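Please look over the structure shown below, together with its sequence.

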Amino acid sequence: MNWLVRGLNSSIGTKYLMAVTGLLLLLFVITHMVGNLQIYLGPEVFNGYAEMMQGLGTLLWAMRLGLLLILLVHVRCAVKLTAEAKEARPVPYAMKRSVAASYASRTMFMTGMIVLAFIVFHILHFTTGTFHADLYAEAHEGSHPDMYSMFVKSFHHAPTAIAYMTAMVLVGIHLSHGVSSLFQSMGFVRPKYREMIRVTGLGITGAIVAGNISMPLMCIMNIVEVPGVSS
Amino acid sequence: MNLVLKVWRQRNAEEPGQLETIEAPSINPDMSFLEMLDVVNERLVAENKEPIAYDHDCREGICGACSLVINGVAHGPDRGTTTCQLHMRRFHSGDEIVIEPFRARAFPVIRDLVVDRSSLDRIIQSGGYVSVSTGGTPDANEIPIPKRAADVAMDAAACIGCGACVAACKNASAMLFVSAKAAHLAHIPQGAPERLERARSMVARMDEETFGACTNTSDCEAVCPKEISIEFIGELNRDFRQALLAGR
Ligand code: HEM
Ligand code: FES
């Protein structure tokens with residue numbers, strides 16, 4: 001086992017962990033979005049989905065724990081890589097220009113940290129009901145929780161909708177480098193695929209940003225509404 | 001042309017350095033960047049001042065001795081070009097040019113713009129060779145090597161080990177250098193058998209030498225005077241993964 005710990009602690013090993021956890025997070029983000037896009041199918045479908053998730057019980061907690069672990073490894077590797085990079089150049093340049101590196105590739109730690117803050121806020125919002133507690137309580141009044149109404153009403157609150165949309169732009173910046181970068185880190189590359197991987201990465205990122213931003217946007221524009229409530 | 005240089009001056013590794021403003025009047029635009037520094041140095045010596053220390057050797061773009069980060073870019077503004085092959089016609093009269101050493105913890109400054117790049121040599125010593133001695137030089141084409149393999153190996157072997165990749169990288173990572181030095185052997189029959197072992201030992205040494213990790217920004221590829229592709233970094237990542245997971 002020593003070889004594994006030592007290997008994964010090396011620079012390339014850490015990048016490998018970063019890429020594998022990044023890929024798992026990416027798959028989660030896609031699944032999470034597809035689940036939420038059911039908001040467009042109306043209250044019955046969406047609340048049914050929410051109830052199905054709650055009904056998973058132990059499995060739900062296992063998934064939450066797994067996700068937390070993946071996120072912790074991702075963040076821990078990010079902190080390690082960033083700290084080592086800083087140590088690797090103790091005297092900074094007076095003048096430094098990037099010739100080819102994208103803005104996204106140079107700001108991965110910053111965009112990642114903001115996304116982390118957003119994840120905490122997001123859990124406080126929809127999972128624990130700490131933020132928008134009134135809406136959360138209202139949604140849980142009946143025998144079946146009405147997450148559809150909470151979702152839509154939350155985003156009728158403009159600052160909330162704007163915060164979510166901003167966070168999604170940052171996720172997009174993170175992934176615009178991250179998706180193609182993970183292939184390189186895992187060593188799944190061939191020169192002839194380079195352009196294809198880059199374009200596919202940007203495509204996946206674009207789809208995630210568009211899909212996720214559409215939801216608060218449709219709510220704030222009153223295109224998605226709670227039946228019987230006009231705002 | 002008349003230029004104003006802002007040059008990093010540092011007496012030795014221990015003392016801190018700073019940028020010093022030095023006038024460079026009447027520079028011929030056909031001079032190379034290093035010839036311009038020679039002219040400036042002659043003036044400094046005539047004025048009884050310390051000349052600017054900088055590295056150079058072949059002055060024809062093949063040895064990898066010259067370095068310098070010029071206006072924030074390793075080897076200056078021309079792509080695929082070493083500092084010795086950069087010419088002053090690339091600049092305009094009146095320009096201010098900031099000249100700094102290649103900066104990395106693994107490249108300590110010896111004096112002014114001269115840095116100690118022996119960390120790269122130690123990475124080669126850790127595994128950048130074929131360990132079986134095969135006697136004298138074999139006849140050409142005695143070992144058949146597919147054209148494609150020879151081409152890829154040659155692309156990697158074009159690395160002159162200057163360290164510009166490290167200088168340009170935001171993480172001061174040496175991955176482009178190490179991956180090129182691993183790949184030029186991995187692609188040919190003589191070097192292929194030790195491919196995984198080599199990846200493991202060279203990466204271990206690279207980490208010990210305190211280079212940062214690669215985050216695939218591709219700035220290295222852009223400044224490389226030999227335009228080495230980051231595809232070799234992907235290959236080294238793959239070899240290291242195989243060495244780690246599939247090795248014994
Ligand atoms: C939904 C959450 C997230 C997703 C989907 C995600 C996805 C990814 C992906 C796919 C990569 C590419 C891996 C590679 O380069 O090999 C990556 C890299 C990275 N992530 Fe994340 N990430 C997320 C959250 C975070 C968080 C919370 C941080 C906190 C600091 C973070 C920091 C980083 C850093 C520093 C890198 C390395 C960048 C590089 O190699 O240039 N990420 N991420
Ligand atoms: S002096 Fe030899 S490459 Fe520039």
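Which pattern does chain A follow when read along the sequence? Chain A follows α-α-α-α-α-α-α-α-α-α, with 10 helices and zero strands, where helices (H or I, at least four residues) and strands (E, at least two) are DSSP runs numbered from the N terminus. This is a predicted model, in which local features need pLDDT of at least 70, side-chain atom pairs count only at pLDDT 80 or more, and totals for chains, interfaces and linings use all residues. Residues are numbered from 1 along each chain as its sequence is written, chains are lettered from A and ligands numbered from 1 in the order in which they are written, and side-chain values use heavy atoms, with hydrogens and water left out.

**Overall dimensions**
- The C-alpha trace of chain A spans about 60 × 40 × 35 Å along its principal axes.

- Because His74(A) lies in helix H4 (residues 58–87) of chain A and His174(A) in helix H9 (residues 158–186) of chain A, the pair ties together parts that are 100 residues apart in sequence.

**Helix contacts in chain A**
- Helix H8 (residues 147–156) of chain A packs with H9(A) at an angle of about 95 degrees, their axes 5 Å apart; axes are lines fitted to C-alpha atoms, for helices over the stretch in contact, and angles run from 0 to 180 degrees between N-to-C directions.
- H8(A) is therefore roughly perpendicular to H9(A) (angles under 35 degrees count as roughly parallel, over 145 as roughly antiparallel, 65 to 115 as roughly perpendicular and the rest as oblique).
- The axes of H8(A) and helix H10 (residues 194–220) of chain A come within 8 Å and cross at roughly 75 degrees, which makes H8(A) roughly perpendicular to H10(A).
- Phe151(A), Val152(A), Phe155(A) and His156(A) of H8(A) make the contact with Met215(A), Pro216(A), Cys219(A) and Ile220(A) of H10(A), contact meaning heavy atoms within 4.5 Å.

**Helix contact in chain B**
- Helix H3 (residues 147–157) of chain B and helix H5 (residues 175–186) of chain B pack at about 150 degrees, with axes 8 Å apart, so H3(B) is roughly antiparallel to H5(B).
- Ala153(B), Ala156(B) and Ala157(B) in H3(B) meet Ala180(B), Ala183(B) and His184(B) in H5(B).
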